[in-house]
Amino acid sequence: MKKYVIYLITIVFALSAVFTACKKDKEDKDVSGDEEKGVVINGVRWATRNVDMPGTFAANPEDAGMFYQLGRKVGWSTTNPLVNSDGGTIWDDNMPLGDTWEQKNDPCPCGWRVPTIKELRSLVASGSSWDELNGVTGRFFGSGEHSIFLPSAGGRNYTSGALCDVGSSGYYWSSSISFSDATRGLDLSFYDGGIHPNIYLYRSFGESIRCVADQ
């Protein structure tokens, strides 16, 4: 009986530490100064802003935030000069491997995660329009109060890290990988004339991330 009580106490303290750490992470790192509540579209709660530094949301819906390589928690600048969230200035052209985006490497804030390709397809199915928000081009997905804006932040080339398609295209990673090619993952790509919710791109490509609530 004594061992059982000690075991329960240990579990309670462990869970308390996890929840406290998560709460502290949000309070310390959410640069917007408020808690992201998100918007529900087709049954999925989407964040209204891109991921900026790991564990934070960008301040505004039209802000680009940072670019990420699939499976990694290191953010890269969306403008030049090239610099990452750890202060590095040399692009990592090594191909991320593995059969999943591990939770420990998920750059979304606590309570949020990188969406699956199925969730991104559901977002596309809600309807969209190419437009501007505060002078920034991108796409609105959903309708009315149940809509979000994804800026066309472009991306970074998978080998050189050079900026590409800034202002004309948006690239958003899913957590889903290609089982037919270990070097590629699935993303949502869009521009003025089209949307592609299942493009296979090299995992070292730098893309934006729009999180979903981790139910």
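Arg113 and Glu119 form a salt bridge, with their closest N and O atoms 2.7 Å apart. By salt bridge I mean a side-chain nitrogen of Lys or Arg within 4 Å of a carboxyl oxygen of Asp or Glu. Please bear in mind that this is a predicted model, in which local features need pLDDT of at least 70 and side-chain atom pairs count only at pLDDT 80 or more, while totals for chains, interfaces and linings use all residues. Residues are numbered from 1 along each chain as its sequence is written, and side-chain values use heavy atoms, with hydrogens and water left out.

Let me stay with this pair. Glu119 is buried at 14% relative accessibility, whereas Arg113 is partly exposed at 23%. Here buried means under 20% relative accessible area, exposed means over 50%, and partly exposed lies in between, using a 1.4 Å probe and protein chains only.

Which other residue forms a salt bridge with Arg113? That partner is Asp214, where the closest N and O atoms are 3.7 Å apart. Arg113 belongs to strand β5 and Asp214 to the segment after β14 (212-213), so this bridge ties together parts that are 101 residues apart in sequence. Asp214 is partly exposed, with a relative accessibility of 41%. Through shared partners, the salt bridges join Arg113, Glu119 and Asp214 into one network.

Across the whole structure, the search finds six salt bridges. One of them pairs Arg72 with Asp92, at 3.3 Å between the closest N and O atoms. Arg72 sits in the loop between β3 (67-68) and β4 (75-76), and Asp92 in the loop between β4 and β5 (112-113), so the pair ties together parts that are 20 residues apart in sequence. Arg72 is buried at 18% relative accessible area, while Asp92 is partly exposed at 24%.

I turn now to the cysteines. How many disulfides does a search of the whole structure find? The search finds one, a disulfide being a pair of cysteine sulfur atoms within 2.5 Å. It joins Cys108 to Cys211, with an S to S distance of 2.2 Å. The torsion about this S-S bond is about -100°, so the disulfide is left-handed. Cys108 lies in the loop between β4 and β5, and Cys211 in the loop between β13 (194-202) and β14, so the link ties together parts that are 103 residues apart in sequence. Are these two cysteines buried or exposed? Cys108 is buried at 7% relative accessibility, and Cys211 is buried at 0%. Cys110, by contrast, is partly exposed at 21%.

Next, Ser176. This residue is located in strand β11 (residues 169-177) and is buried, with a relative accessible area of 16%. Setting aside neighbours within four places in sequence, Ser176 is in contact with Leu70, Thr116, Ile117, Gly185 and Leu186; contact means heavy atoms within 4.5 Å.

Finally, the protein as a whole. It has two helices and 14 strands, and buried residues make up 43% of its 215 residues. Of the contacts with a separation of 6 or more, 55% are between residues 24 or more positions apart. The protein exposes about 11000 Å², of which carbon and sulfur atoms supply 55%; accessible areas come from the Shrake-Rupley method with a 1.4 Å probe, and for residues only the protein chains shown count as cover.

Notes:
Helix = DSSP H or I, 4+ residues; strand = E, 2+ residues; numbered from the N terminus.
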